[in-house]
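Let's walk through this structure together, one step at a time. Have a look at it before reading on.

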Amino acid sequence: MTSSRLAPGAGIVTVPGGRPAVRTAEGEFLHLDTGTADLAALTRHLVGGEAASDAEVARVAAAFEREGHAVRPGPDEGGALTGRTVLVLGDARLTGPLARYAAAEGARTRHATPEHVGRLADGEGADASTVVVWCLDEPVPPGLWDAADRLPAHGTAWLRCHREGAHLWTEPLAAAPGDVTSAHVRLRRLAATSAHRQLAAYWAGHRTPDNGPHPGEAAAALVAALLTADLLAWAAPGPGSGLPARRRLRRVDLRDLTVTEHPVLPVPPVAPLPGRGSGPA
């Protein structure tokens, strides 16, 4: 039988002259009452994989499992993205490190094309274990992501980032109908600024040619790590997996690599206003 092991991030702390404690993965300390179980034998079981020496050690180990502080590793377990397919497209300086990080977590990484994304957006080959990640080292050209915004409606997840001047934006991952799309982000950003006309003109291409700054190696690694974190949240088991990542807009300042986060919600559909004279007299 596979023995219990301490969950990643969890540990047992021995306090000189006091009761032992469990340090949880979240950094909390909980008093540990082992009853009649031998602490050394319990530690050998949870850390070294030694079989439980008696029923009391097995009982306490089972309590660790129930509370999520211990797990039973399966044979040849892969990374958190095992069984997932990550389709990347866009600028290689951003997609390169992202593909490496996703593969290190067990994902199948593939390069995609806008045409491939368009077919997925029409429901052709849609798969709930697939996510499209599109990274741009420039502002988003008008209409480029319109088709991709339909991906979640067909069961394919959708994650993206783009640069505007010295700021690189990572947008929320969309995994289901009703999640935040790139169109929602644009509407929310327009509503949040008094310079909405100028921002809309900027997005429409009425601007001088882009002159960077382009993300360097450190910035690209940071952005790839942030996107990978969103993928890990999406792949986590359980209902509503990764919901915080699906409601979070990040701005990375490429000049000093500071990251700011902004909550963002979907924009509900609004019925068109009735035409003149269409209402009751």
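Two packed helices are described by the angle between their axes and the distance between the axes.

The model you see is predicted. Find helix H3 (residues 92–104) and helix H7 (residues 217–235): their axes cross at roughly 45° and come within 8 Å. Angles under 35 degrees count as roughly parallel and 65 to 115 as roughly perpendicular, so H3 is oblique to H7. Their crossing is right-handed. On the H3 side, the contact includes Leu94, Leu98 and Tyr101, while H7 brings residues including Ala224, Leu227 and Leu231. Sorted by kind, the residues of this contact are twelve nonpolar, one polar and one charged.

Now look at the largest nonpolar core, which has 26 residues; Val86, Leu98, Val131, Val133, Leu227 and Leu231 touch the most other members. At least two residues each come from strand S6 (85–90), H3, strand S8 (130–136), strand S9 (157–164) and H7. H7 gives the largest share, nine residues. Zoom in on Leu227: beyond its neighbours up to four places away in sequence, Leu227 touches Leu98, Val133, Cys135, Leu159, Arg160, Cys161 and Thr170. Another core, of 15 residues, lies apart and has Leu87, Val117, Leu120 and Trp158 among them.

Finally, visit the loop between helix H2 (55–66) and strand S5 (70–71), where you will find His69. Is His69 buried or exposed? Its relative accessible area is 15%, so His69 is buried, given that buried means under 20%. Setting aside neighbours within four places in sequence, His69 is in contact with residues including Arg5, Val22, Leu30 and Phe64.

Technical notes:
Residues numbered from 1 in each chain as written. Predicted model: local features only at pLDDT ≥ 70, side-chain atom pairs only at ≥ 80, totals over all residues. Heavy atoms only, no water. Helix = DSSP H or I, 4+ residues; strand = E, 2+ residues; numbered from the N terminus. Buried < 20%, exposed > 50% of the residue type's maximum accessible area, 1.4 Å probe, protein only. Contact = heavy atoms within 4.5 Å. Axes fitted to C-alpha atoms, helices over the stretch in contact; angles between N-to-C directions. Parallel < 35°, antiparallel > 145°, perpendicular 65-115°, else oblique. Left-handed = near helix turned anticlockwise from the far one by under 90°. Nonpolar A, V, L, I, M, F, W, Y, C, P; charged D, E, K, R; others polar. Core = buried A, V, L, I, M, F, W, Y, C linked by side-chain atoms within 4.5 Å.
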